[in-house]
Amino acid sequence: MKVTVVGAGAVGASCAEYIAMKNFASEVVLVDIKEGFAEGKAMDLMQCASLNAFDTKITGTTGDYSKTAGSKVAVITSGIPRKPGMTREELIGINAGIVKEVTANLVKHSPDVIIIVVSNPMDTMAYLVHKTSGLPKERIIGMGGALDSARFKYRLAEALECPISDVDGMVVAAHSDTGMLPLITKATRNGVPVSEFLSEEKQNYVVEETKVGGATLTKLLGTSAWYAPGAAVSVLVQSILCDQKKMIPCSLMLDGEYGQSDICLGVPAIIGKNGVEKIVDISLTDAEKEKFATAAAAVREVNGDLKF
Ligand code: NAI
């Protein structure tokens, strides 16, 4: 099955690489606006095939969407990333125009496509795709929670001084420094609540470091991260193409779930061959419900800046 990745920059190329390395897609088409860039990245990645033993074909195109025709999944990573000190929300002006145009091109050539939105501010960009693409809501998935949960697990394992495979945890609500909601009350180490091992101070440390996980990397790298974002996208794409039905937190259009409607926010969902198969209702504490509602209010404000 064919996967299109729009934007052959840091995140797009990383995600194409992880998809190819896992060998579950027949073809990955990279699209970029920069002349020759996607073609170059595709050629470089294809030259890894014999070294890394994958058969996925990777091709690139400078804006020729006919090459993307018949894609099962398309990932939108096109746009600008943030620089140190910037919030994700500050990217809205430029990225909204790009995401809208890219979405129209994708849907024209692949009317049955499932779109994964990565460009920031992601919750608002996912909302924009819902409002402009005409696709059913099950086929639009914002990627944020998969990455933020991975960063949460990294910080949990660090605090617990244990292997990452021992810990489990999930981040919901908004993909923003202030609106992210790492569910520390549900985080576990080998199935045991982490509150059994970590002081309140340490739990707060884990939560706060998770929330600024992206900003910490942006400060270190001078631009936003790409390895973990690319890996997170590949997990979503694999769950769709291989119909794994994994539960992954994603930014989805809500229709009453978690007390919200007409907004995209991070909630756990079963992801399979049809895209979003089911939004999972997990019980939140009163404090978590309040934080979820505050995050929703902030995202609504950013959504208000969109022009359709
Ligand atoms: P990048 O600058 O390395 O790559 C973006 C690419 O998009 C560039 O190659 C550019 O030429 C291309 N592009 C721009 N306009 C285009 C158009 N109209 N059509 C096709 N291609 C176009 O940026 P990077 O680091 O890959 O980040 C991409 C986006 O992903 C940013 O908005 C960033 O904030 C976001 N991001 C989101 C994450 C998430 O968890 N949702 C995580 C990391 C980044």
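# A tour from a loop proline to the ligand

Select proline 121, which is found in the loop between β5 (114–117) and α5 (122–133). This is a predicted model. The peptide bond from asparagine 120 to proline 121 is cis, with omega near -5 degrees.

Next, go to asparagine 23. Its place is the loop between α1 and β2 (27–32). Check the backbone torsions there. Asparagine 23 is not a glycine, yet its phi is positive, about 65 degrees.

Now select the ligand. The ligand sits in the largest pocket. Show the residues around it: there are 28, and the closest are Ala10, Val11, Asp32, Ile80 and Met143.

Colour that shell by residue class. You get 16 nonpolar, 10 polar and two charged residues. Then colour by domain. Domain 1 (2–143) and domain 2 (144–305) each contribute at least three residues to the shell.

Switch to cartoon and pick out the helices. α1 (10–22) and α4 (92–109) each supply at least two shell residues. Of the elements around the ligand, α4 gives the most, with three residues.

- Aspartate 32: an N or O atom of its side chain is 2.6 Å from an oxygen atom of the ligand.
- Histidine 175: an N or O atom of its side chain is 3.1 Å from an oxygen atom of the ligand.

How much of the ligand does the protein bury? Taken alone, the ligand exposes 860 Å², and the protein buries 89% of that.

Definitions and conventions:
Residues are numbered from 1 along each chain as its sequence is written. This is a predicted model: local features need pLDDT of at least 70, side-chain atom pairs count only at pLDDT 80 or more; totals for chains, interfaces and linings use all residues. Side-chain values use heavy atoms; hydrogens and water are left out. A residue is near a molecule or strand if one of its heavy atoms lies within 4 Å of it. A polar contact is a pair of N or O atoms within 3.5 Å; within protein, one must be able to donate a hydrogen and the other to accept it, and residues adjacent in sequence count only if both atoms are side-chain atoms. Accessible areas come from the Shrake-Rupley method with a 1.4 Å probe; for residues, only the protein chains shown count as cover. On a 1 Å grid over the protein atoms alone, a cavity is a set of points where a 1.4 Å probe fits but cannot get out, and a pocket is an open set with protein on both sides within 12 Å along at least five of seven lines; lining residues have an atom within 4 Å of a point. A molecule sits in a cavity or pocket if more than half of its atoms lie within 2 Å of its grid points. Helices (H or I, at least four residues) and strands (E, at least two) are DSSP runs, numbered from the N terminus. Ala, Val, Leu, Ile, Met, Phe, Trp, Tyr, Cys and Pro count as nonpolar, Asp, Glu, Lys and Arg as charged, and the others, Gly among them, as polar. Domain bounds come from an automatic or database domain assignment.
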